[in-house]
Amino acid sequence: MPHFTGNAFQRQNDQKKLYDTHVPISPIEKSVLTVASAFVALNDPLRGDMVAALGETTGHVFLKRMRDQMLESTVGRRILRERPTINTMSIDFDRLRETCSPNSFGAAYISWLDAEGVTPDTRCSVIRMSVKYVDDEELAYVIKRYREIHDFFHTLTGLGVSVEEELALKWFEWAQTGLPMTMLASLFGPLNITSAERKHLYGTYVPWALQCGASCKPLMNIYFEEHFHKPLDEFRKELGIILPPSI
């Protein structure tokens, strides 16, 4: 095995970078990261950075399925080609506030952000960490897009950001994507909530999440930014999304 100095090793890694935030690591390093992130995430399934790292190191097969599903859709192919992003630079929120009718998807999205006291930018540090360990530039965008549209799922389902509601949304996302990180949070997250919350989660939210997530349209194929002015109820019906029983 050739020996690399620190600078030579850094240059080799730089040459392998497939996108700006990519961190090329060896198979051994990836295995270590997978085990370490799994250990931390199992103890705290809502630890976003570790769940994200685990998703990137274990989700290759499912990301390919998501990408292939997008390629089968005209809109999905356009999203992959145009690479839209969700932040306060790409979306004119002041204009949305002025032009969206009260019952529109855009108004509901803004109301949800306001109610939770967040913006797409502040949410970035919570659920939209930079993609680092996906060794495919297109698949890296797929998982980035998945993270960025997470708050649209909140808006459409009416779920907030309490632990119980986030877990319910993870079950929904698991049914939609099959990603291991959503499975991890779904299965082990309930260990960190009260018995009453766990009973409500499994008795009310989980059956809804599995049914709705599996039966509604593939949400990765939706160009959400083009539907802000659509009536929210109409948009939900179009997507096949029904609200949880408690909402």
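## Arginine 145 and tyrosine 223

In this predicted model, arginine 145 sits over the face of tyrosine 223, and the distance to the ring centre is 5.9 Å.

## Aromatic pairs and cluster

The count of aromatic pairs comes to 15. One of these joins phenylalanine 105 and phenylalanine 224 in a tilted arrangement, with 6.2 Å centre to centre and 40 degrees between the planes. Phenylalanine 105 belongs to helix 7 (residues 105–116), whereas phenylalanine 224 lies in the loop between helix 13 (195–215) and helix 14, so the pair ties together parts 119 residues apart in sequence. Both phenylalanine 105 and phenylalanine 224 are buried.

An edge-to-face pair is formed by tryptophan 171 and tyrosine 202, at 6.3 Å centre to centre and 80 degrees between the planes. Tryptophan 171 is in helix 11 (residues 163–177) and tyrosine 202 in helix 13, so this pair ties together parts that are 31 residues apart in sequence. Tryptophan 171 is buried, at 8% relative accessible area, while tyrosine 202, at 38%, is partly exposed.

One aromatic cluster includes Phe105 and Phe224, together with Phe93, Tyr109, Phe152, Phe153, Phe172, Trp208, Phe228 and Phe235.

## Arginine 236

Arginine 236 is located in helix 14 (residues 232–239). Its relative accessibility is 11%, so arginine 236 counts as buried, the cut-off being under 20%. Apart from neighbours within four places in sequence, arginine 236 contacts Thr155, Leu156, Gly158, Ile241 and Leu243.

## Nonpolar surface patch

Met183, Leu187 and Phe188 make a nonpolar surface patch of about 230 Å². Methionine 183 lies in helix 12 (residues 180–188) and is partly exposed, with a relative accessible area of 34%.

Technical notes:
Residues are numbered from 1 along each chain as its sequence is written. This is a predicted model: local features need pLDDT of at least 70, side-chain atom pairs count only at pLDDT 80 or more; totals for chains, interfaces and linings use all residues. Side-chain values use heavy atoms; hydrogens and water are left out. Helices (H or I, at least four residues) and strands (E, at least two) are DSSP runs, numbered from the N terminus. Buried means under 20% relative accessible area, exposed over 50%, partly exposed in between (1.4 Å probe, protein chains only). Contact means heavy atoms within 4.5 Å. Patches are made of residues with over 30% relative accessible area and no salt bridge: like charges are joined within 9 Å, nonpolar side chains (Val, Leu, Ile, Met, Phe, Trp, Tyr) within 5 Å. Accessible areas come from the Shrake-Rupley method with a 1.4 Å probe; for residues, only the protein chains shown count as cover. A salt bridge is a side-chain nitrogen of Lys or Arg within 4 Å of a carboxyl oxygen of Asp or Glu. Rings of Phe, Tyr and Trp (its six-membered ring) pair if their centres lie within 6.5 Å; planes under 30 degrees apart count as stacked, over 60 as edge-to-face and the rest as tilted. A charge sits over a ring if NZ of Lys or CZ of Arg is within 6 Å of the ring centre and within 35 degrees of the ring normal.
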